[in-house]
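I opened my notebook today to look at a structure that is new to me. Come along while I look up its charges and rings.

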Amino acid sequence: MTNDNPGMEIHGAWGALLPDDTRAQMAVVGRDGRHVVIYRTREDDWDTLAVAYDEEAAKRTADLVRKMTGMPEYLRIGGEGILTGLDSEHPGVEWVVPTAVVDDPDPIVRITGPGTDRLWAVPSTDGEVLGLLNPDGDPREIAEFTSAGAADAFIAMVDALFALAGSRGFTEGLGDD
């Protein structure tokens, strides 16, 4: 992976094929005190999906995506997109993974193991504020999505990364325009 953008700090970068065979890339980057989740498909320009609250939140976002999508088992709660289940107690989409691989016949024990990592794309009750939460972290709010479409692109990308079952996907081309 190259970074032809001076002053940009790359916290994490991933590539995957989406279900419709679209090649997509996502990265968590920082520059000049601003930390964002960016995304592009094919040769499109990079779009900002979410703005992290600070550098620590950006690094936590990248670390969670990296660690979680590499685990062999996970639990996904929610429907297709961020606005799924607005009237329910658990709107949006959440992924839960164990913090360590546990060899046990009981799937609940394998998922919860010694602990969990969680990442939750969640809307506010009015659907206007779209947040990325780390329910096990402090503080738990780590980023705010720029739109429902941006949140849904993040959800699709994370789902595609889980489908890679721990493979790193591809990461080349982050600095390309």
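This is a predicted model: local features need pLDDT of at least 70, side-chain atom pairs count only at pLDDT 80 or more; totals for chains, interfaces and linings use all residues.

Entry 1: Glu 55 has a relative accessible area of 32%, so I noted it as partly exposed.

**Entry 2: the partner of Glu 55.** Next I looked up which residue Glu 55 meets. I found a salt bridge with Lys 59, where the closest N and O atoms are 3.3 Å apart. Both residues sit in helix H1, 4 residues apart, which is about one turn of the helix. Lys 59 is partly exposed too, at a relative accessible area of 39%.

**Entry 3: further along H1.** I moved on to Lys 67, whose salt bridge is with Asp 117; the closest N and O atoms lie 3.5 Å apart. Lys 67 belongs to helix H1 and Asp 117 to strand E7 (residues 116-123), so this pair ties together parts 50 residues apart in sequence. Is each partner buried or exposed? Lys 67 is partly exposed at 40%, while Asp 117 has 13% relative accessibility and counts as buried, because the cut-off for buried is under 20%. I also noted that Asp 63 joins Lys 67 and Asp 117 in a network of salt bridges.

**Entry 4: a bridge from a loop.** I then checked Arg 110, and its side chain meets that of Glu 73 in a salt bridge of 2.5 Å, N to O. Arg 110 lies in helix H2 (residues 107-112) and Glu 73 in the loop between H1 and E5, so the pair links parts 37 residues apart in sequence. Glu 73 is partly exposed, with a relative accessible area of 27%.

**Entry 5: rings.** I turned to the aromatic side chains, and the count came to 3 aromatic pairs. One of them is Tyr 74 with Phe 162, a stacked pair with 4.0 Å from centre to centre and 25° between the planes. Tyr 74 is in the loop between helix H1 (55-69) and strand E5 (75-78), and Phe 162 is in helix H3 (residues 148-163), so the pair ties together parts 88 residues apart in sequence.

**Entry 6: another ring pair.** Trp 95 and Phe 154 came next. Their ring centres are 6.3 Å apart and their planes stand at 70°, so I logged the pair as edge-to-face. Trp 95 lies in strand E6 (residues 93-98) and Phe 154 in helix H3, so parts 59 residues apart in sequence are tied together here. Trp 95 is buried, at 0% relative accessibility, and Phe 154 is buried, at 0% as well. Which residues make up the ring cluster? I found Trp 95, Phe 145 and Phe 154, linked by ring pairs.

Entry 7: I noted Asp 47 as partly exposed, with a relative accessible area of 47%.

Methods. Residues are numbered from 1 along each chain as its sequence is written. Side-chain values use heavy atoms; hydrogens and water are left out. Buried means under 20% relative accessible area, exposed over 50%, partly exposed in between (1.4 Å probe, protein chains only). Rings of Phe, Tyr and Trp (its six-membered ring) pair if their centres lie within 6.5 Å; planes under 30 degrees apart count as stacked, over 60 as edge-to-face and the rest as tilted. Helices (H or I, at least four residues) and strands (E, at least two) are DSSP runs, numbered from the N terminus. A salt bridge is a side-chain nitrogen of Lys or Arg within 4 Å of a carboxyl oxygen of Asp or Glu.
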